[in-house]
Amino acid sequence: MDTTPFLRMSGVRKRYGGVTALAGADFAADAGTVHAVLGPNGSGKSTLLKVLTGVVAPDAGEVLLDGRPLRPRGPRDTLAAGVSAVYQELSLIDDFTVLDNLVLGVEPARFGLRDLRAARSRALPWLERFAPAFGGRVPAGERTGGLDPGERQVVEICKALVRDPRVLVLDEATASLRRGQVEVLFEVLAELREQGVLILFITHRLAEILALCDRATVMRNGADTATVTVGEVPERELVELMSGAAAPAS
Ligand code: ADP
Ligand code: MG
């Protein structure tokens, strides 16, 4: 049996000046799963996933994706490797239409106008899929700045999906969503998991972990302290792991 995980990060370290964001974190996750990354604010969740996506260059450590070392010089390299992310920081340009925001990064200078058209025709079905999250409409031609915060966040998510990821990182992406929007998102994520996509899901909401996640890794002070199978630990223990109230059972 092949037990090599699809994604493995080992010994990842990162300091920002005097602040240690990652102190030797290890992380592994399988394709076709939704893997939660939990832990209090400042525990290093976002930095860990930014090392994966190439936004942050680690001081030490290694990332293996599908058995190959990933040494990105930036997010462009990881996009090419099939890693796509929604960050906590917003990335949309208000004055662009929704559709143009979705194809940002697919630059005409590098890829040609034909690729831009192809990107637009790949993007539109995602907006159609998420129509229930936009009150039933498809806001392709609308000015992005005119959308409400939940709708803008759905556009951020569509933007990551248009890249057709093998690994999709969602960093607290549900925080500004309404319940109906989360429902559509979870349907889509379940479909992607079925297709073998690895979804890395940062959240502070227990209900979302229980509804969606297969495994969960808990971060504390820049390191992983536990990885559990969600269905195998009592809810109470999950809550304690999330809040830092309990040391993980070994
Ligand atoms: P989390 O996502 O779990 O809240 P982060 O990875 O954002 O944690 O942050 C981990 C630590 O690194 C925190 O102490 C945070 O203040 C610090 N940190 C994160 N990004 C930066 C940055 N760009 N510059 C300086 N410190 C940072
Ligand atoms: Mg964070």
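Biologist: How do you know that the span of helix 6 agrees with its number of residues?

Modeller: Helix 6 covers residues 149-162, and at 1.5 Å a residue its 14 residues should span 20 Å. The C-alpha atoms at its ends are 20 Å apart, so the two values agree.

Biologist: Why is Asp164 called exposed?

Modeller: The limit for exposed is 12 or fewer C-beta neighbours. Asp164 has 12 of them inside 10 Å, so it counts as exposed.

Biologist: Which other residue has a positive phi although it is not a glycine, and why is that residue called partly exposed?

Modeller: Asn221 has a positive phi of about 50 degrees and is not a glycine. Asn221 sits in the loop between strand 9 (215-220) and strand 10 (223-229). Asn221 has 16 other C-beta atoms within 10 Å, so it is partly exposed.

Biologist: Is Arg179 buried or exposed, and how do you know?

Modeller: Arg179, which is found in helix 7, has 8 other C-beta atoms within 10 Å. Exposed requires 12 or fewer, so Arg179 is exposed. Arg179 and Glu62 are 117 residues apart in sequence, and their C-alpha atoms are 38 Å apart in space.

Biologist: What makes Gly54 buried?

Modeller: The threshold is 20 or more, and Gly54 has 22 other C-beta atoms within 10 Å, so it is buried. Gly54 is placed in the loop between helix 1 and strand 4 (60-65). Leaving out residues up to four places away in sequence, Gly54 touches Pro72, Gly74, Pro75, Asp77 and Thr78.

Biologist: Why is Gly44 called buried?

Modeller: Against the threshold of 20, Gly44 has 24 other C-beta atoms within 10 Å, so it is buried. Gly44 lies in the loop between strand 3 (34-38) and helix 1. Its contacts, not counting residues up to four places away in sequence, are Ala21, Leu22, Ala25, Met219 and Gly222.

Biologist: Which residues are around ligand 1?

Modeller: They are Tyr16, Val19, Ala21, Gly39, Asn41, Gly42, Ser43, Gly44, Lys45, Ser46 and Thr47. Strand 2 (19-29) and helix 1 (45-53) are the elements that give two or more residues to this shell. Helix 1 contributes the largest share, 3 residues. By class, the shell has 3 nonpolar, 7 polar and 1 charged residues.

Biologist: How do you know that the radius of gyration agrees with a compact globule?

Modeller: For 250 residues, a compact globule would have a radius of gyration near 18 Å; the chain has 18 Å, so the values agree. The C-alpha atoms fill a box of roughly 50 × 45 × 35 Å along the principal axes. The chain has 9 helices and 10 strands, and 37% of its 250 residues count as buried.

Biologist: What is the mean pLDDT of the chain?

Modeller: The mean is 92, and 94% of the residues reach 70 or more. The model scores ipTM 0.99 and pTM 0.93. Where pLDDT is low, the predicted coordinates should not be read in detail.

Technical notes:
Residues numbered from 1 in each chain as written. Chains lettered and ligands numbered in written order. Predicted model: local features only at pLDDT ≥ 70, side-chain atom pairs only at ≥ 80, totals over all residues. Near = placed C-beta within 6 Å. Helix = DSSP H or I, 4+ residues; strand = E, 2+ residues; numbered from the N terminus. Nonpolar A, V, L, I, M, F, W, Y, C, P; charged D, E, K, R; others polar. Rg over C-alpha atoms; globule rule 2.2 N^0.38 Å. Expected span 1.5 Å × (residues − 1). Contact = placed C-beta atoms within 7 Å. pLDDT = per-residue confidence, 0-100.
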